[in-house]
Amino acid sequence: MANPVSTHTYLLLLSTFLHLSLQLQPSQFNALREIQQFLNYPSLLSIFNNTWDFCNLEPSPLLTVVCYEDDVTQLHIIANNGGFPPSLPRNFSIDALFSSVSSLQNLKVLSLVSVGLWGPLPATIGKLSSMEILNLSSNYINGYIPLELSYLRNLETLILDHNEFTGQIPSWIDSFSDLAVLGLRNNSLFGSLSSSISSLKNLRVLAMADNHLYGGVPSLQNLTNLQVLDLKNNKFGPDFPVLNPKVVAVEIRNNSFQSSVPNEALTSYLQLQKLDISINTFIGPFSPSLFSLPSIEYIDISDNKLTGKLLINASCSEHLVFVNLSSNLLTGDLPECLQQQNDVGKRFVSYGGNCFSDEEEDQHPSNFCHNEALAVKVMPDKLQHGEGKAMGVVGSSLVGGIGGLMVIVGLSYWAFHRRKKGAAMKGASTRLITEKPTVNTVKLLSDARYISETMKMGANLPTYRAFALEELREATDNFTHSTFIGEGSLSQIYRGKLADGTAIAIRCLKMRRKHSPPTLIQHIEMISKLRHKHLVSCIGHCFECCPDDSSVGIIYMVFEYLSNGTLRSSISEGIAGQRLNWAQRIAGAIGIAKGIQFLHTGMIPGVFSNNLKITDVLLDPNFHVKICSYNLPLLAENGGMGGSNGLKPNIRVRAKDEEKDDIHDFGVILLEILVGRPIISQNDVMVVKDILQVSNKMDDAARRSIVDPTIIKECSAESLKTVLEICLRCLSDEPTGRPSIDDVLWTLQFAAQLQDPWRLDSHHVHQQSVSLPL
């Protein structure tokens, strides 16, 4: 007679297996288990350990599995945007991950967002032939966009934003005949935009902002479904893009456009809600009829050379909430409709740096604009302009976090002085017009699940906000000595942890009342804008009175906290066998260059003369580089920041070639990356530079003789020579002989492509495959 216990157990297992087979194929069941292991994300995927019925998991914003019959058709794994991506294990392999994903042969939707993926996108992606929506945004995926991606002929949405892809946008992009959303923002793509993009008849969203793309934009007039065009922060130009009149949002800010604005065409864009053509060199007349477009909400034409006379009685759309006319050659009167609140709520208007017949400051005399208009020429380089005078402040989600920040800072500062003086702050130069909440233009993109405020401000950073002092006290155990990590002449630095687990560094600045409220607001606004994945970024502030002196206030600036040490500690101070390999060093140099590029061009005016050092380059939990020292007046005036986890700003000096100071400092960092030992003094720089120059004129053996011995066998001859030559150019004695940061970045990316992994011996191939990237 059979054992009743074992028989019962057998029947239970058989029942479980039969149930499982009706729900999910074993191969797909195993694939999901493997994906959990590869991503090393127990806080999100631990539910996998407690179920075999994946198809009936309760969906959540972070994890969703959708099945149809016995196939997984949708897999969404999205990390919390309020924190950093998880740290994947050192032996993580993106090839192995996608090998498991490809087992889900009928997968139609795949979202792996902000989960820490790194390495080139593998060719196995081409096996997912049923894929319709692919979202791999906010990771560290690098290399070229693989040809195998073109095999996904059913693709309707492709989002690769916020990664580290290089190379050109492939010409085979037109193979996606059903593509509706194409997101390639914030990568390192370069080259021109192929005319094949014009054949994507179903395209609704085209977003390629924050790359190194250049040249003319091919005609997009035949893209009758295109609603959103986002090409900002590239080098496109010189002519304004030719678009279909049905477009809803046009963002071409900070490019190289030098033509006139097609006013007649724009006035036919009856669905246009957002127009941002700022920081270019557009010339010719600007038509005030754009203010009255029926759907327009946002217009930014600042920092151009646009001319024209505005009339006081010009009309405005009832939806218009943001207008920036600053730093152009406009004359006449600011339309009265721009000085009034609208029907939907708050309105921001900035108009300084023109020639309006307004007696307020920041307006040039009328003859200035006439003379400049006569002398204007199409120049290859964008001019630097002063900031316009703000006439109003927006705290709405349409304009973004900065408008709201200015209101928060203003009110905080007002309260700070009221506590000391017992009176309200007077004489503010800004006017806040409020009624009911504004319409949020970004809602247009919600169906693509594609844009978030966090991604706009910086990769995986919390939204900038004002902190309560109680929060900071709790985070630092009331600023105990154990949390103290450094100090400057008028500041102290503490580390802490917020209630949500975010690690922070708090810099406490004592400030006497020499800053007017508008000036302080301007400083805080600038700090809040410096958010980039290769910068240690500020995530908030707090104002408080000094208990010992009522004439002194304390500003608490809250920054990211990084605990993995400096780049030097992983190069020239690391233990043998644990130093970064050659590929990682190039990746680190590329990251630093991207950070410098953002400091120089990511805002107006740029941040220069940053006195960069390798000890000011920190490593995040995934060993990606972040610059922690950049030059901001508010911080510089209140002492440097000690320790290795904060800012060490320097006095800001405007000079003709000020950006080339940072290029020289970057060259010194490259020196240390190459030779693998600390470069301490200027004499060290001169000696090592001379050795490099001599070796570079000889052969590959001579070059290898001066580099770090731990990487000699890893670097290809072409890659090493390319990095060595750009290093020497950066160290040129004459600033004019140093390359631009764009040239530096392009050259380093080229060096990374020259690094041929097939030339490495098997030992180093293995080392490279399991090492974390920078």
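Residue numbers start from 1 along each chain as its sequence is written. Because the model is predicted, local features need pLDDT of at least 70 and side-chain atom pairs count only at pLDDT 80 or more, while totals for chains, interfaces and linings use all residues, and side-chain values use heavy atoms, with hydrogens and water left out.

Begin with the whole structure, where a search finds 2 disulfides (a disulfide is a pair of cysteine sulfur atoms within 2.5 Å).

Select Cys-316 and Cys-337. Their sulfurs are joined in a disulfide, S to S 1.8 Å. The torsion about this S-S bond is about 45 degrees, so the disulfide is right-handed. Cys-316 sits in the loop between strand 19 (305-310) and strand 20 (322-324), and Cys-337 in the loop between strand 21 (329-332) and strand 22 (348-350), so the pair ties together parts 21 residues apart in sequence. Helices (H or I, at least four residues) and strands (E, at least two) are DSSP runs, numbered from the N terminus. Cys-337 counts as buried at 14% relative accessibility (buried is under 20% relative accessible area, exposed over 50%, partly exposed in between; 1.4 Å probe, protein chains only).

Next, select Cys-355 and Cys-369, joined by a disulfide with S to S 2.0 Å. This link is right-handed too, with 90 degrees about the S-S bond. Cys-355 is in strand 23 (residues 355-356) and Cys-369 in helix 6 (residues 366-375), 14 residues apart. Both cysteines, Cys-355 and Cys-369, are buried.

Move to Cys-538, which is buried at 1% relative accessibility.

Finish at Cys-730. Cys-730 is buried, with a relative accessible area of 0%.
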